[in-house]
Amino acid sequence: MSYRRTIPVEFNHCDPAGIVFYARYFEMTNSVCENFFAEVVGRSYAEVMAAGEGAPTARLEADFRLPSRLGDRLDWTLTVLRVGRSSLDLALTARVGAGDTRLEVRKTLVWIGRGGKPAAWPREMRARLEAAREHGDE
């Protein structure tokens, strides 16, 4: 299954020209990932951080296709591409409705254990990530 979330473009996302400032897109990708973890993976970022663990971004690659403007509603899709021992490769796409693609992102997260170093994904999280990957575009 692909995870979906809609984020409306607000004034705080835009530069003086009224288009989304590129760094705000990265905040949106983090928001989509954070909600994916809470709703699909079964652990919110708050729970993860409270346990002294984390899943920071290790790699981020973006293709900016078209500008998004104040008032647009960006429909985000997150797809799990690969689950490694301690890493996770994701694809995120933002579109306006069924219209044009605005942004395509490839993102790698790394699971950080309580010792502050990369560690294997916890069993339950790994199972949910694998299930999300296997169900791809349902």
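**Questions about a predicted fold**

Student: Let's start with a cysteine: is Cys33 buried or exposed?
Tutor: Buried means under 20% relative accessible area, exposed over 50%, and partly exposed in between, using a 1.4 Å probe and protein chains only. Cys33 has 0% relative accessibility, so this residue counts as buried.

Student: Which pLDDT do local features need in this model?
Tutor: Residues are numbered from 1 along each chain as its sequence is written, and side-chain values use heavy atoms, with hydrogens and water left out. This is a predicted model: totals for chains, interfaces and linings use all residues, side-chain atom pairs count only at pLDDT 80 or more, and local features need pLDDT of at least 70.

Student: Back to the cysteines, then. How many disulfides are there?
Tutor: A disulfide is a covalent bond between the sulfur atoms of two cysteines. Here the rule asks for a pair of cysteine sulfur atoms within 2.5 Å. Cys14 counts as buried because its relative accessibility is 17%. For disulfides, the count under this rule is zero.

Student: In what order do the elements run from the N terminus?
Tutor: Helices (H or I, at least four residues) and strands (E, at least two) are DSSP runs numbered from the N terminus. The protein has three helices and five strands. Their order is β-α-α-β-β-β-β-α.

Student: What is the radius of gyration of the protein?
Tutor: The C-alpha trace spans about 45 × 30 × 20 Å along its principal axes, and 42% of the 138 residues count as buried. The radius is taken over C-alpha atoms, and the globule rule is 2.2 Å times the number of residues to the power 0.38. A compact globule with 138 residues would come near 14 Å, and this agrees with the value for the protein, 15 Å.

Student: Good. How do Tyr3 and Phe36 pair, and at what angle between the planes?
Tutor: Rings of Phe, Tyr and Trp (its six-membered ring) pair if their centres lie within 6.5 Å; planes under 30 degrees apart count as stacked, over 60 as edge-to-face, and the rest as tilted. The count by this rule is eight aromatic pairs. Tyr3 and Phe36 are 5.7 Å apart, centre to centre, and form an edge-to-face pair with an angle of 65°.

Student: Which residues make the nonpolar surface patch of about 310 Å²?
Tutor: Patch residues have over 30% relative accessible area and no salt bridge; like charges are joined within 9 Å and nonpolar side chains (Val, Leu, Ile, Met, Phe, Trp, Tyr) within 5 Å. Areas come from the Shrake-Rupley method with a 1.4 Å probe, and for residues only the protein chains shown count as cover. Tyr22, in helix 1 (residues 22-41), is partly exposed at 48%. The patch is made by Phe21, Tyr22 and Phe64.

Student: Last one: which residues are linked in a network of salt bridges?
Tutor: A salt bridge is a side-chain nitrogen of Lys or Arg within 4 Å of a carboxyl oxygen of Asp or Glu, and the whole structure has ten. Glu130 and Arg133 meet at 2.7 Å, N to O, and both lie in helix 3 (residues 123-134), three residues apart. Arg133 also meets Glu134, at 3.9 Å. The network links Arg126, Glu130, Arg133 and Glu134.
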